[in-house]
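Please read it alongside the sequence and the coordinates.

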Amino acid sequence: MNIHSYGSGSPKSFLAYPRGDFDLESGSAKKARKPKSSSFQPIKMLKSLGTRIQYYYKLHPLIVFVVSLLFGLTVIIILSVYESRFQAMSNYRKLSVGYSDYPFTKLQNLVMVAGHSVYTSSSCGKVDKEDSWFLESYQRHPGQAATFLAHIKEGVEIAAKDDEALLLFSGGETRKDAGPRSEAQSYWAVAESEGWFGKKEAVRWKALTEEHARDSFENLLFSVCRFRELTGSYPQNITVVSYDFKEERFAYLHRSAIRFPESRFFYSGTPASLTSKEAAMKGEALVRAQFQDDPYGCAASLRRKKLGRDPFHRTIPYPNGCPEIEGLFKYCAAAPYPGSLPWAS
């Protein structure tokens with residue numbers, strides 16, 4: 001028996017009927033119907049969802065209300081989180097654009113003079129007189145004004161010897177009765193009136209102010225941030241100028257709190273007046289003990305003292321100018337700050 005192939009491989013395959021549907025009555029072929037595409041129709045889906053919600057609302061109105069409320073609160077929280085992140089990123093971008101050209105990029109070292117009083121005299125001819133300064137009761141001793149002048153002069157002379165040093169006078173508007181004048185501006189004005197102690201050409205152009213600090217820890221931390229604002233980088237070396245009896249507070253407690261390397265930190269102390277030295281030493285021992293328990297000055301008595309030294313409710317701009325150490329500004333604990341810092345290895 002011969003077997004013949006009639007498949008597609010046969011030379012002459014036979015089609016009994018044309019492809020598609022064949023109408024026997026008319027004798028013609030109909031085109032096959034294409035299946036309807038299942039396209040995504042969001043409007044119908046929303047209508048269906050709305051119908052279901054109405055149905056469930058009639059059956060369980062309280063449950064639907066609670067679920068809707070929770071959903072709305074969740075959406076609000078998510079939007080607020082994203083908004084805050086967006087604003088933070090936007091502010092940082094503005095900072096990056098606005099500070100693309102820093103005015104003192106060649107300066108690498110910080111010399112900070114901590115302010116202790118506000119100059120209130122209308123004349124700059126009496127800078128070494130106590131009645132030219134606003135003094136607290138514990139500062140009212142003969143020779144006190146001369147110690148402020150000594151700090152200013154010391155800072156100027158140190159900065160004059162270092163071509164890469166930026167000099168910052170640090171101190172905010174800390175005395176209500178002195179008016180809205182900062183300690184930093186007072187010191188700068190006194191240096192100006194004294195002709196920068198013969199170092200005007202070498203120092204004046206690189207002597208600026210940090211006008212928000214309310215205590216010694218903020219003198220250091222805020223000045224580091226201010227340095228970053230002005231130079232675009234953080235200081236390689238830091239020199240602090242203040243009273244000699246405050247050296248342990250600055251060089252150990254405050255330096256350790258920001259974890260700045262000891263080998264790059266220097267302190268230049270000048271003596272207190274003879275009539276105030278004993279009282280000053282007792283007061284310093286008390287403050288030092290407070291900072292040992294509260295290194296960042298953010299709790300208890302140190303926090304209250306800072307609030308009392310802000311009579312004009314100044315808004316502190318930091319850490320906008322130093323975003324890399326933002327965590328340090330928010331940190332409050334007895335243990336050292338555990339986050340990363342630009343100067344800490």
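## Strand E8 and its partners

Strand E8 and strand E9 (residues 265-270) run parallel and are joined by six bridges, where helices (H or I, at least four residues) and strands (E, at least two) are DSSP runs numbered from the N terminus, and two strands pair if DSSP finds at least two bridges between them. Within this pairing, Ser242 has Gly269 of E9 as its bridge partner. Six of the seven residues of E8 are buried, so the strand is largely enclosed by the rest of the structure; buried means under 20% relative accessible area, exposed over 50%, and partly exposed in between, with a 1.4 Å probe and protein chains only.

The model is predicted, so local features need pLDDT of at least 70 and side-chain atom pairs count only at pLDDT 80 or more, whereas totals for chains, interfaces and linings use all residues. Residues are numbered from 1 along each chain as its sequence is written, and side-chain values use heavy atoms, with hydrogens and water left out.

## Helix H1

Helix H1 (residues 42-59) has 18 residues, which at 1.5 Å a residue should span 26 Å, and its end C-alpha atoms are 26 Å apart, in agreement; the expected span is 1.5 Å times one less than the number of residues. The number of buried residues in H1 is zero, so this helix lies largely in the open.

## Aromatic pairs

The count of aromatic pairs comes to 17, where rings of Phe, Tyr and Trp (its six-membered ring) pair if their centres lie within 6.5 Å, and planes under 30 degrees apart count as stacked, over 60 as edge-to-face and the rest as tilted. The ring centres of Tyr119 and Trp133 are 5.1 Å apart with their planes at 80°, so this pair is edge-to-face. The pair links distant parts of the chain, since Tyr119 belongs to strand E4 (residues 118-119) and Trp133 to strand E5 (residues 133-134), 14 residues apart. Tyr119 is buried at a relative accessible area of 6%, and Trp133 is buried at 4%.

Tyr234 and Trp343 form an aromatic pair that is also edge-to-face, at 5.5 Å centre to centre and 65° between the planes. Tyr234 lies in the loop between helix H6 (216-231) and strand E8 (237-243), and Trp343 in the segment after helix H10 (326-330), so the pair ties together parts that are 109 residues apart in sequence. Tyr234 is buried, with a relative accessible area of 11%, and Trp343 is buried, with 5%.

## Backbone geometry

Most residues other than glycine have a negative phi, and most peptide bonds are trans. Against that background, a cis peptide bond joins Tyr318 and Pro319, with omega about 10°, and Pro319 is placed in the loop between helix H9 (300-308) and H10.

Ala300, although not a glycine, has a positive phi of about 50°; this residue lies in helix H9 and counts as exposed at 53% relative accessibility. His313 likewise has a positive phi, near 50°, and is located in the loop between H9 and H10, where His313 is exposed with a relative accessible area of 66%.
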